[in-house]
Amino acid sequence: MKALIVHAHPEPQSFSSALARAAADALSAGGHDVRVTDLYARRFDPVSDRRNFTLAKNPEYFKQQMEEAHATEHDGFAGELLTEMENLEWCDALIFCFPLWWFGMPAILKGWVDRVFAYGRIYNSSKIYETGLGKGQRRGLVLMTTGGGEKSYGGRGVNPPLESILVPIQHGIFWFNGFQPLEPFVAWSAAHISDEDRHEILTRLRARIATIFDESPPELPRLADFPGYVGLDLKKRFAVTITRQTEPDAAYRGLVASERKRVAELRRLGFVTAAAFPTDDEPLWRAFLEVRAASREEAQRELLTLPPARYLDFQITEIR
C-alpha cells in the first residue's frame with residue numbers, strides 16, 4: 001500500500017517531527033511505499049492565488065474554482081502543486097502530522113489543502129464523498145500533538161471536544177474527498193510529559209501504524225443518503241431514553257462493560273450519534289441516545305442488540 005505523510009512543524013527536533021519519522025519508519029518496515037511532504041523544510045507557500053497556475057482563464061478577475069477547472073483542462077498548474085497533486089492521487093492513506101494550534105492545524109497545512117485540492121483535478125460536483133478521489137476506500141489519519149491534556153478536550157473540559165475540533169479535517173477534507181477518516185492518534189500535552197511517556201507514545205504509534213490498513217474506520221453518512229446533495233438525510237433521527245425495568249443484579253452488572261463496547265461499535269457504524277450515561281449509582285437512572293435510522297423499527301432492532309437489553313426499556317421519539 002502507499003502512504004503520503006504531510007508534516008507541518010517548523011522544528012525538526014520537535015516531538016511532532018518525531019511522530020512523523022516514526023510513522024514513516026513503521027510504514028516502510030511494513031513493506032508499504034511512503035512519501036513525506038515536510039512543508040516547513042520545503043518552505044511551502046500556503047498562499048493560494050494566481051501563483052497556482054501557469055495560465056489564466058480570466059486575467060481581470062480571480063475566481064479560484066474557475067481557474068482550477070481551467071488549469072485541469074489545459075495542464076496549467078504550477079509545477080510545485082502538480083507534484084503534490086500527483087502524490088495525493090497516488091496514496092492509499094493520507095496522514096496529516098501537525099501540532100494543534102488555535103484549535104486547528106497550522107496555516108501552512110491548511111494552505112497546502114487550499115492549493116492542492118483543486119476543483120476539477122481533485123474534486124467536483126460529481127466527485128465528492130464516496131464518489132470522490134478516495135472512493136470511500138482510502139484512509140485519512142490525523143497524527144497530532146496538543147498542549148493541553150486529554151481531559152480538557154474530552155467534552156467536559158474547558159476546551160471544545162476534540163471530535164468537534166477535528167470535523168473540518170475528518171469530514172470536510174478527508175471524507176469530503178472520499179478518504180475514510182480513522183480515529184486520530186493524539187500525543188496529549190506532548191511538551192509537558194516525561195521522556196519515558198514520549199517513548200511509550202512512539203511505541204504505541206508504531207503499533208497503530210502497522211495496522212492502519214486493517215482498521216475498520218467510523219462510518220460517516222454517504223452522499224447517496226442525501227437526495228440531490230442539498231436534500232435532507234433520508235434516514236431519520238430518534239431520541240432514545242433508556243430506563244431499567246428491574247433493579248440491577250449481578251448478571252446485569254456483568255453485562256455493563258459489553259454494553260459500553262456495543263454502544264461504541266454502534267457509534268462507529270453511524271447508528272448512535274450521541275450518547276449520555278448516568279453514573280451506575282444514580283437513583284433515577286436514565287441513559288440517553290440519539291440515533292440515526294430509517295425507521296423506528298430499525299432503531300428498535302439495533303437497540304435490542306445491547307447485551308443487557310432484556311433489563312431495559314427503550315422510549316423512542318422521532319426528532320427533527
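Two strands count as paired here if DSSP finds at least two bridges between them. Keep that in mind as you click around this predicted model.

**Stop 1: the antiparallel sheet**

Select strands S7, S8, S9 and S10. These 4 strands make an open sheet, ordered S8-S9-S7-S10, with antiparallel pairing. At the edges sit S8 (272–276) and S10 (312–319), each of which pairs on one side only. Going from one strand to the next, the twist averages 20°.

Now zoom in on S7 (residues 236–244) and S10: 8 bridges join this antiparallel pair. For a landmark, pick Thr241, which stands opposite Gln315 in S10.

Then show helix H10 (residues 296–303), which lies across S7, S9 (287–293) and S10. H10 runs at about 150° to S10.

**Stop 2: a parallel pair and its crossover**

Jump back to S1 (2–7) and S2 (residues 33–38). In which sense do S1 and S2 pair, parallel or antiparallel? They go parallel, over 6 bridges. Trace the chain from S1 through helix H1 (residues 15–29) to S2, and you follow a right-handed β-α-β crossover.

**Stop 3: the nonpolar cores**

The largest core has 39 of them, and the residues with the most contacts inside it are Leu94, Phe96, Phe98, Leu109, Trp112, Phe117 and Ile169. Elements giving two or more residues to this core include helix H3 (79–90), strand S3 (93–99), helix H4 (107–116) and strand S4 (139–145). Which element supplies the largest share? That would be H4, with 5 residues.

Center on Ile169 and show its neighbors. Leaving out residues up to four places away in sequence, Ile169 touches Phe96, Phe98, Met105, Val142 and Phe174. A second, separate core of 26 residues is also there to select, with Leu19, Leu27, Ile95 and Leu141 among its members.

**Stop 4: the cysteines**

How many disulfides does the structure hold? The count is 0. Show Cys91 and Cys97 to see why: the sulfur of Cys91 is 15 Å from that of Cys97, its closest cysteine sulfur, so the two are too far apart for a bond. For scale, a disulfide would need the sulfur atoms within 2.5 Å. Cys91 has 0% relative accessibility, so it counts as buried. Cys97 is also at 0%, and therefore counts as buried.

**Stop 5**

Select H2 (residues 64–74). Glu67, Glu68, Ala69, His70 and Ala71 are buried in this helix, and the buried residues of H2 pack against H4. Step just past the end of H2 to Asp75, which takes a positive phi of about 50°.

Is Ala78 buried or exposed? It counts as buried because its relative accessibility is 14%, and the cut-off for buried is under 20%. Display what surrounds Ala78: not counting residues up to four places away in sequence, it touches Arg51, Asn52, Phe53 and Thr54. Finish with a distance label from Ala78 to Leu55, which are 23 residues apart in sequence and 9.1 Å apart in space, C-alpha to C-alpha.

Methods:
Residues are numbered from 1 along each chain as its sequence is written. This is a predicted model: local features need pLDDT of at least 70, side-chain atom pairs count only at pLDDT 80 or more; totals for chains, interfaces and linings use all residues. Side-chain values use heavy atoms; hydrogens and water are left out. Axes are lines fitted to C-alpha atoms, for helices over the stretch in contact, and angles run from 0 to 180 degrees between N-to-C directions. Contact means heavy atoms within 4.5 Å. Buried means under 20% relative accessible area, exposed over 50%, partly exposed in between (1.4 Å probe, protein chains only). A nonpolar core is a set of buried Ala, Val, Leu, Ile, Met, Phe, Trp, Tyr and Cys residues joined through side-chain atoms within 4.5 Å. A crossover is right-handed if, with the strands pointing away from the viewer, the path from the first strand over the helix to the second runs clockwise.
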